[in-house]
Structures are given as C-alpha cells and as structure tokens.
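Me: I would like to learn how to read helix packing and pockets in a model. Can we work through one together?

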Amino acid sequence: MAILDKNARTRHARQYHLHVSPGDIGKYVLLPGDPARVSMIAQHLDDPSEVAFHREYRTVTGHFRGIEVSGTSTGIGCPSAAIAVEELANVGATHFIRVGSSAAYRPEIAQGDLIVNTATMRLDGTSAAYVDPGFPAVADHFLVRHLIDAARDLAIERGFKVHVGVNASSDAFYAETPEFVEQLQKHRISNVEMESSAIFTVAHLRGLFGAMVCAVSYNYMRPDEVDFEGENNALVEGWDNAIAVALEAVARYEADQNMP
C-alpha cells in the first residue's frame, strides 16, 4: 500500500498553506509573525506586490536595490513557522531572516532595542519532531555577521541600540513564569521568542540559511514598563529598524556572493 509523502507531493507546486507558487517569491524572505507587518516590509521594497494571503500567511514580493526579496508572515509559534519555511523552500526560497518581537532578560536591554541572535535554546515541540534533543538550533554564520554589521552601522544613523546573544524559543507565552525566566538567566539567555528554533532547524536540515533580528517588546527585569493593552511605540519603531537592518544585510550578503 502506498503512503503519502508530503514533501515529494508539495515540492515545486502551489503550496497548500501559503498559496504561493514557483516564481512568486525571491530567494531571500523576511519572516515577521504578524501579517500586518508584511505591509511594513512592503514599504521598504520597490514595486511590492501581494502574491498570497491565506490563513496567517501573507506574502509580498518586491525588490531592494535590485534584489528580489519577499516577506511572509509566519503566525505565532514554531508549528506555523516551520510550515512557512518548508513551503517557501518548496518554491525556491533559500535564505530566511526572522524580523519579529522578542522579550529581553538582560537588564541593559530596553524596549525598541534590536537583538541579533547567534543561536536559540530549543524549548519548543516542533523542532523536537525534526532533530534529536541535543541538536543545536544555530543561525547561519554569514547572515548573522551581516546582520550584526548592518545593525551597528544603521544604529548610528537611526539612533537605536543593538545587542547580540543566544535566545530561547518557547511554545507557551503564559508559561513564562518568574521561575522560568530565572532558570534561563542562569544560562545567560538574552531573550525569548517563539519561532526561531523551528526556522533555524528546518533551514539547516534543508541545506538552507536562517537568521534573526528582533525588536524588543519589553524586558522582564522592568515589569513596571510592560503594557499589554496600550500601543508600544518603541516596539513599532523597532520593527521598522529590524526590517531595515535585515534588508541592508541581504544587500551586503548578496554583494559578497557576487564577488569574484
């Protein structure tokens, strides 16, 4: 009896969840969580076009300094982020940069700051379905290098602060108790978010490239500054800075690839 092979069935075809097809996207894809933030990416691109919007997955494609770049929202959490990377890879994407939100653990990190992470502590269930428990989720070295360089250069021009560290990806937003935070601080974890472990792991297994630059939504060490109801203007500005950094990194990375 034949058994369905999802990977073989979906490769080089219109994708089941994202509704993108071969030719719809660039090899570089920025990955925010929220579909609304795809519009922010589009504002940085020349001739952006929305190619699909299905479920939590919204995709636009345009150009940045002549380089074809797409933006696709992943929704919240590793399960939907893994689907996004798998299906984008099926239609030709090779480089994935998460541009999201993250909560900070180190006291010197403030709302609106940017964090570039070199690796993530896998506290999710999705990556465990792909790899052994001890397998690391590591960002691509060269993308990370260009993200750090771009962030440090744009920080002077745009007036933000940038940090580098190892983060954690957690499945359960409301399970991040003070005890949970204290345990991760013992591991010198700089921040926590909910998607990068799947993005890094799936990209690596596919022989592709993943990285992340996040804006800080709040700091666990400053609970009086946290407002879950109001508008977080520092975070909104941080998202725009993260997108600018990611695109600048893409341009520099691409230039390196084209050097003789």
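**Helix pairs, then pockets**

Reply: We start with a helix pair. In this predicted model, α3 and helix α6 (residues 196-205) pack with their axes 8 Å apart, at an angle of about 30°. Angles under 35 degrees count as roughly parallel, so α3 is roughly parallel to α6.

Me: What is the handedness of the crossing of α3 and α6?

Reply: The crossing of α3 and α6 is right-handed.

Me: Which residues of α3 and α6 meet?

Reply: From α3 come Cys 78, Ala 81, Ala 82, Val 85 and Glu 86. They meet Ser 197, Ala 198, Ile 199, Val 202 and Ala 203 in α6. By class, this contact has eight nonpolar, one polar and one charged residues.

Me: Now α4 and α7. At what angle do their axes cross?

Reply: At roughly 125°, and the axes come within 8 Å. Helix α4 spans residues 141-158.

Me: Which residues of α4 and α7 meet?

Reply: The α4 side includes Phe 142, Leu 143, His 146 and Leu 147. The α7 side includes Ala 244, Val 245, Ala 249 and Tyr 253.

Me: On to pockets. What is the volume of the largest pocket, and how many residues line it?

Reply: The volume is about 720 Å³. The lining has 28 residues. Nearest the centre lie Arg 37, Ser 101, Phe 173, Ser 217 and Leu 235.

Me: Which elements give two or more residues to that lining?

Reply: They are β5 (95-104), β9 (191-193), β10 (209-219) and α7 (233-257). The largest share, five residues, comes from β5. By class, the lining of the largest pocket has 11 nonpolar, nine polar and eight charged residues.

Me: Where does the lining of the second largest pocket come from?

Reply: The elements giving two or more residues are α1 (6-10) and α3 (78-90). Of these, α3 gives the most, with six residues. The volume of the second largest pocket is about 380 Å³. Its lining has 15 residues, and Lys 6, Asn 7, Thr 10, His 17 and Glu 87 lie nearest the centre. By class, there are six nonpolar, four polar and five charged residues.

Technical notes: Residues numbered from 1 in each chain as written. Predicted model: local features only at pLDDT ≥ 70, side-chain atom pairs only at ≥ 80, totals over all residues. Heavy atoms only, no water. 1 Å grid on protein atoms, 1.4 Å probe; cavity = no way out; pocket = protein on both sides within 12 Å on 5 of 7 lines; lining within 4 Å. Points joined across faces, edges and corners; volume = space filled by probe spheres on them. Helix = DSSP H or I, 4+ residues; strand = E, 2+ residues; numbered from the N terminus. Nonpolar A, V, L, I, M, F, W, Y, C, P; charged D, E, K, R; others polar. Axes fitted to C-alpha atoms, helices over the stretch in contact; angles between N-to-C directions. Contact = heavy atoms within 4.5 Å. Parallel < 35°, antiparallel > 145°, perpendicular 65-115°, else oblique. Left-handed = near helix turned anticlockwise from the far one by under 90°.
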